[in-house]
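Thanks for coming. I will talk through one structure today, starting with its cavities and ending with a sheet and a single loop residue.

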Amino acid sequence: RIIPHSAIPLLRHHHHQAMDARRRSPKKRKFERVPDQDSPPGSGSAGVDLINALPDAVLCTIVSLLPTKDGARTQAIARRWRPLWRSAPLNLVADSTLSRQQRKRVVYVTKILAEHPGPALRLNLPYIRRRDYGKIDGWLRSQALTDLQELHLGYDSQDSPPPSLLSPSALRFAPTLRVATFTDCHFPDLSAQSLNFSHLQQLGLYGVTFSALSAHYLNFPRLKQLTMSVVTILEDALHNMLSGCLSLESLLLEDNVGFARLRISSLTLRSIGFSAPYTQGPSLFHELVIEDAPCLERLLPLSPDYGPTIVRVIRAPKLQVLGVLSKGISKLHIGTTVFQVTAASNSPAIRIHISICPYFSLPFFIRK
């Protein structure tokens with residue numbers, strides 16, 4: 001249809017009136033409430049805000065489980081949410097999710113610890129740099145970390161010279177910790193003190209150096225899982241440490257140095273994983289002795305090509321799995337039976353079932 005030229009001004013006038021009316025009208029809501037699909041018709045629950053219907057205690061639990069930045073941002077949701085972050089147990093994880101820049105992470109940690117009154121659920125500082133050591137002690141003494149349950153401290157291994165001394169303030173959480181990890185640090189010499197980690201259940205030590213430990217220096221009455229990897233510790237200190245683990249069920253010893261012979265007696269251990277460190281010459285860790293382990297079920301060499309040279313099992317009546325043996329573990333003692341691996345043999349792996357009643361009945365492999 002052809003519009004007459006004389007009608008064009010009138011059309012423009014109507015168009016401008018319509019645009020003005022649209023601008024003056026209230027904006028439509030971008031999101032509309034959706035009725036509860038699970039509610040029966042006529043129940044009256046359509047459009048109910050189920051999240052805000054939860055009690056504050058539940059909302060605080062939700063906030064404490066969120067990543068650190070997201071938990072703090074919940075203060076902007078609504079007026080009711082503003083005090084919840086400060087009331088929830090603090091979950092402070094200073095990794096790349098908080099900021100990709102190390103200097104900004106330091107600023108954020110300082111600000112969060114100053115604003116949150118505590119208590120704390122988790123503190124994770126995985127990339128502590130030497131230039132920030134002056135702030136660490138102040139952070140660990142913060143009131144916001146009262147009753148801390150999880151602590152993960154990791155010092156930057158690229159700082160020279162490693163390892164860095166662990167701040168003694170980190171040990172003030174011993175009575176409340178349930179999970180702890182320490183990485184690339186030197187434990188302080190606190191031989192005059194006795195620390196009781198009365199609630200600790202999981203402990204991970206990676207690249208940690210220990211000084212001498214007395215028999216009653218560290219006590220872990222409820223510790224279930226202990227992992228030690230690339231740890232430097234003397235033989236007596238390691239024995240004293242293990243003697244304080246009264247409920248230990250899982251023990252992982254990987255590439256540790258400082259001891260030649262390890263003797264293990266435990267009424268609760270169920271699984272042991274072990275390996276000697278890879279070296280160009282003979283490994284210092286050359287003998288593992290299981291003296292008395294009535295609950296032990298798994299004894300697993302993690303890197304059998306590297307040793308230890310001798311594995312001796314004196315008493316382990318429930319042992320079922322021994323893993324893979326090789327020329328790195330050249331001699332295996334089980335009760336009074338000795339198995340020797342000779343370098344001259346080229347035979348493939350052999351499955352052997354041993355039954356030395358009433359003490360042993362287990363399958364294992366010897367790889368020549």
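How much space lies in the second largest cavity? About 60 Å³. Please keep in mind that this is a predicted model.

Let me stay with that second largest cavity for a moment. Its lining includes Val 63, Ser 64, Leu 66, Pro 67 and Thr 68, and also Gly 71 and Trp 85. Ala 88, Pro 89, Leu 90 and Asn 91 line the cavity as well. Three elements each supply at least two residues of this lining: helix H2, residues 56-65, helix H3, residues 68-73, and strand S1, residues 90-93. By class, the lining of the second largest cavity has seven nonpolar and four polar residues, and no charged ones.

Now the wider count. The structure holds three cavities of 30 Å³ or more. The largest cavity has a volume of about 100 Å³.

Which elements each supply at least two residues of the lining of the largest cavity? They are helix H5, at 102-115, strand S2, at 120-128, and helix H6, at 133-140. H5 gives the largest share, four residues. Among the lining residues of this largest cavity are Gln 102, Arg 105, Val 106 and Val 109. Leu 125, Tyr 127 and Ile 128 also line the largest cavity, as do Ile 136 and Trp 139.

Next, a residue from the loop between S2 and H6, namely Arg 131. Is Arg 131 buried, exposed or partly exposed? Arg 131 counts as partly exposed, because its relative accessible area is 44%, and that class runs between 20% and 50%. Setting aside neighbours within four places in sequence, Arg 131 is in contact with Gln 102 and Arg 103.

Five strands form an open sheet in the order S12-S14-S16-S18-S19, and the pairing is mixed. The edge strands are S12, residues 261-265, and S19, residues 337-340, each pairing on one side only. On average, neighbouring strands of this sheet are turned by 10° against each other, with direction ignored. As background, strands of a sheet pair through backbone hydrogen bonds, either parallel or antiparallel. S12 and strand S14, residues 287-292, run parallel and are joined by five bridges. Within that pair, Leu 262 stands opposite Leu 288 in S14.

Technical notes:
Residues are numbered from 1 along each chain as its sequence is written. This is a predicted model: local features need pLDDT of at least 70, side-chain atom pairs count only at pLDDT 80 or more; totals for chains, interfaces and linings use all residues. Side-chain values use heavy atoms; hydrogens and water are left out. On a 1 Å grid over the protein atoms alone, a cavity is a set of points where a 1.4 Å probe fits but cannot get out, and a pocket is an open set with protein on both sides within 12 Å along at least five of seven lines; lining residues have an atom within 4 Å of a point. Grid points are joined across faces, edges and corners, and a volume is the space filled by probe spheres set on the points. Ala, Val, Leu, Ile, Met, Phe, Trp, Tyr, Cys and Pro count as nonpolar, Asp, Glu, Lys and Arg as charged, and the others, Gly among them, as polar. Two strands pair if DSSP finds at least two bridges between them. Axes are lines fitted to C-alpha atoms, for helices over the stretch in contact, and angles run from 0 to 180 degrees between N-to-C directions. Buried means under 20% relative accessible area, exposed over 50%, partly exposed in between (1.4 Å probe, protein chains only). Contact means heavy atoms within 4.5 Å.
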